[in-house]
Amino acid sequence: MNEETGRRVCALIAGVVCSDDEMSPEERRFLKRVLEKFGLETDTALMPTYAEDVAAELAQLPEATRWEALDLVIQAAAADGKIVPAERAIVDTIAAELGVDQDVIVERFRRALPAD
């Protein structure tokens, strides 16, 4: 994955973890791990992609990367152990763009959240 694509995916993740106006330590650590995974500096400045811009941003990604982005935003949303409506809205937008059934999303969230 090239740097620009990595930045775009990380901006989607930043949009999810910032969507409730707070970034938990767990969310911050998750974003840092993804930045490192994509070979980006952990202090890379990102402009979060918010719900209204998700579809356009997703269209800029290669198709295979879109699926990886969906998995990563689900993991990011679940990083702090809870899914808030603003996070869910971004995930739902990506899922709709990819044609993913809501039952699949619910199951992916279930797997991403820690067991009680």
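Which hand, left or right, does the crossing of helix 4 and helix 6 have?

1. Basis. This is a predicted model, in which local features need pLDDT of at least 70, side-chain atom pairs count only at pLDDT 80 or more, and totals for chains, interfaces and linings use all residues. Residues are numbered from 1 along each chain as its sequence is written, and side-chain values use heavy atoms, with hydrogens and water left out.

2. Helix 4 and helix 6. The crossing of helix 4 and helix 6 is right-handed; the term applies if the near helix is turned clockwise from the far one by less than a right angle, and left-handed applies if anticlockwise. Helices are DSSP runs (H or I, at least four residues), numbered from the N terminus. The two helices pack at an angle of about 50 degrees, and their axes are 9 Å apart. Angles under 35 degrees count as roughly parallel, over 145 as roughly antiparallel, 65 to 115 as roughly perpendicular and the rest as oblique. Axes are lines fitted to C-alpha atoms, for helices over the stretch in contact, and angles run from 0 to 180 degrees between N-to-C directions.

3. Residues of that contact. Helix 4 contributes Leu70, Asp71, Ile74, Ala77 and Ala78, and helix 6 contributes Ile105, Arg108, Phe109 and Ala112 (contact means heavy atoms within 4.5 Å). By class there are seven nonpolar, no polar and two charged residues. Ala, Val, Leu, Ile, Met, Phe, Trp, Tyr, Cys and Pro count as nonpolar, Asp, Glu, Lys and Arg as charged, and the others, Gly among them, as polar.

4. Helix 4 and helix 5. Helix 4 (residues 63–78) packs against helix 5 (residues 85–98) at about 160 degrees, with the axes 10 Å apart. Helix 4 is therefore roughly antiparallel to helix 5, and the crossing is left-handed. The contact involves Arg66, Trp67, Leu70, Val73, Ile74 and Ala77 of helix 4, together with Glu87, Val91, Ile94, Ala95 and Leu98 of helix 5.

5. Helix 1 and helix 2. The angle here is about 180 degrees and the axes lie 10 Å apart, so the pair is roughly antiparallel. Cys10, Ile13, Ala14 and Val17 in helix 1 meet Glu27, Phe30, Leu31, Val34 and Leu35 in helix 2.

6. Nonpolar core. The largest nonpolar core has 31 residues, of which Ile13, Leu70, Val73, Ile94 and Ile105 touch the most other members. Such a core is a set of buried Ala, Val, Leu, Ile, Met, Phe, Trp, Tyr and Cys residues joined through side-chain atoms within 4.5 Å. Not counting residues up to four places away in sequence, Ile105 touches Leu70, Ile74, Arg88, Val91, Asp92, Ala95 and Val100.

7. Two loop threonines. Thr49 is in the loop between helix 2 and helix 3 and counts as buried at 6% relative accessibility. Thr42 also lies in the loop between helix 2 and helix 3, but is partly exposed at 40% relative accessible area. Buried means under 20% relative accessible area, exposed over 50%, and partly exposed in between (1.4 Å probe, protein chains only).

8. A backbone point for review. Asp21, in the loop between helix 1 and helix 2, has a positive phi of about 65 degrees although it is not a glycine. Most residues other than glycine have a negative phi. Asp21 is exposed, with a relative accessible area of 75%.
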